[in-house]
Amino acid sequence: MSRTVSSWILSSARSSIILQGKGRWYSICIPNRNRIKCKLVFSKTCTYPAGSCSLDRTFSFPKAFRHTSTEEEHFSFQLSPAQINDILRAGELSHRTLDLHGKSTSSVLRFESNQLASNSPIEDRRSAATCLQTAGMMFGVFDGHAGAACAQAVSERLLHYIAVSLLPRQRLEEIELAVEAMKPVRPILQRHRHPSDVEYQEITSRYFENLRVYWQHLLDLDAEPGFSLEEAMICAFKRLDSDISLEGQAPQENELMRNIALQVAFSGATACVAHIDGVHLHVANTGDCRAVLGVCEEDGTWSSLPLTRDHNAYDEFEIRRLKREHPRSEEKTLFVNDRLLGILMPSRAFGDVQLKWSKELQHSILENSCDVEALNIYQYVPPNYHTPPYLTAEPEVTYHKLRNKDKFLVIASDGLWEMLSNEKVVQLVAGHLTELNMQKPPLTFKKPVNLGYMHNLLLQRKSKGLASLDQNIATHLIRHAVGSNEYGEVDPEKLAAMLTLPEDLARMYRDDITVTVVFFNSEAIEDYYRNH
């Protein structure tokens, strides 16, 4: 890394120059929040047996890759290409949909996902699952703020709430009878996880109990629930956010569960979830994660089709919505410095009860139940806080009927979109697919085929440079988001610098990035239109 670039990064950091768009949460009242040691309740008060998990147990890299000092004499940007690849590829996840005969009959051919931390620990989360009731698939990206607790809880729970909302009454009754008789319950989701994905094992039983209360509520309805997919997604988002709020207020079995519930409620998360069943694509979005469709036109050109709107102060619809929901006297104070009440960038989110509860309720809960500093909960009531709630988790749902020219869907947290435009992301995915296909030598088999012959073919493929490319398209996008120069090309020196920034500087230059790319099965989509 050149002396000029490294000195610029250090001097910028020491002068507190924060790049446009970064620092999204409570920067006004907690300017140095990343320097505060996150004293989560688990770090000192609890010990865990093998196989258990804590709130701050997340995917991490070897310490050798990440600096902890900003002193220039201790600061080095030297990383080998292999080390860079190890860092970028550590969070890779991919899955191909195949039937019993090794073929894909689903409209989803495969998905590839990855994430890269800026915060320590990372505050983003992701989920992917096959819905066993509808045979559709769901994909979610969750961008946490003020800690990872809320994003973690939403990533574990939201897809189950959506799946339950889609179940017919008969299936709900079967589940309730099985639970009542303490019999095993057939799963409603098949989750697709990365080995480093964690769950709140300490509170799983409570989460299940509240999910059960939700399906009991659906059974109590006079008629068949009969939600459309759009209604099911909206209902699931709102119900989960309500449960998160109530769990923060309700008495808990022990201090550990109480502290988890409070951390979840007082942190926050935006969410973008896609449900794909055949040619029917629904995207539910709350906040500023984004979903963009990659479209290949008949002439071979590519275009992007956004399926979400960013819910923030730059969106006129959101500004008008909030003005309708609050008195005219508050019009000038709803957004201050392009933040909701001068605090929060997104105008929709899960959790964040500081912007939903009354001041009296917040005071009552926090004063009587916990050590706020130990839980890393920010106590701050903004000026002009008169008519809460100011924040909602209700999503906007977009429906799109897949066409043969719709080739892939990119869902990502705002850490990606702050660095790359919709059009650039689509072009990168399309270009990478073309490059991969060009570098794949044809596997022509000579009979008889044996292991030695196959081994030689694979060595030939590797020798032609295929292994030098990112096999996971999400990694390719993250590499460009972090390391691209002004010409749109990856600069190895810049990439190394961005990946080795100390923990207290990294957040100034980039956010956590989580990307999931879903590739559609053109043959299955063609079959649908042929048969209909």
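Where does Pro 121 lie? Pro 121 is in the loop between strand S2 (108-116) and strand S3 (124-131). The views below show a predicted model, in which local features need pLDDT of at least 70, side-chain atom pairs count only at pLDDT 80 or more, and totals for chains, interfaces and linings use all residues. Residues are numbered from 1 along each chain as its sequence is written, and side-chain values use heavy atoms, with hydrogens and water left out.

View 1. Helices (H or I, at least four residues) and strands (E, at least two) are DSSP runs, numbered from the N terminus. Another cis peptide bond links Pro 388 to Pro 389; omega is about 5 degrees. Pro 389 belongs to the loop between helix H10 (359-369) and strand S13 (396-401).

View 2. Ala 146 is not a glycine, yet its phi is positive, about 60 degrees. Its loop runs between strand S4 (137-145) and H4. Ala 146 is buried, with a relative accessible area of 10%. Buried means under 20% relative accessible area, exposed over 50%, and partly exposed in between (1.4 Å probe, protein chains only). Asn 384 also is not a glycine and has a positive phi of about 60 degrees. Asn 384 sits in the loop between H10 and S13. Asn 384 is partly exposed, at a relative accessible area of 35%.

**View 3. Helix H8 and its surroundings.** H8 (residues 255-266) has twelve residues. From first C-alpha to last, H8 reaches 16 Å, close to the 16 Å expected at 1.5 Å a residue. That expected span is 1.5 Å times one less than the number of residues. Eleven of the twelve residues of H8 are buried, so the helix is largely enclosed by the rest of the structure. Among the buried residues are Leu 256, Arg 258, Gln 263 and Phe 266. At the start of H8, a side-chain oxygen of Asn 254 comes to within 3.1 Å of the backbone nitrogen of Leu 256.

**View 4. Strand S14 and its partners.** S14 (residues 406-412) is mostly covered, with six of its seven residues buried. Strand S8 (residues 290-296) runs antiparallel to S14, joined by six bridges. Two strands pair if DSSP finds at least two bridges between them. Ala 291 stands opposite Ile 411. Strand S15 (residues 513-520) pairs with S14 in the antiparallel sense over five bridges. Here Val 517 in S15 is the bridge partner of Val 410.

**View 5. Aromatic rings and a charge.** Trp 302, Phe 408 and Phe 519 form one aromatic cluster. Rings of Phe, Tyr and Trp (its six-membered ring) pair if their centres lie within 6.5 Å; planes under 30 degrees apart count as stacked, over 60 as edge-to-face and the rest as tilted. The charged end of Arg 110 sits over the ring of Phe 519, 4.0 Å from its centre. A charge sits over a ring if NZ of Lys or CZ of Arg is within 6 Å of the ring centre and within 35 degrees of the ring normal.

**View 6. The largest nonpolar core.** This core has 58 residues, and Leu 158, Ile 162 and Phe 350 have the most contacts inside it. Helix H4 (residues 149-166) gives the largest share, twelve residues. A nonpolar core is a set of buried Ala, Val, Leu, Ile, Met, Phe, Trp, Tyr and Cys residues joined through side-chain atoms within 4.5 Å.

Technical notes: A polar contact is a pair of N or O atoms within 3.5 Å; within protein, one must be able to donate a hydrogen and the other to accept it, and residues adjacent in sequence count only if both atoms are side-chain atoms.
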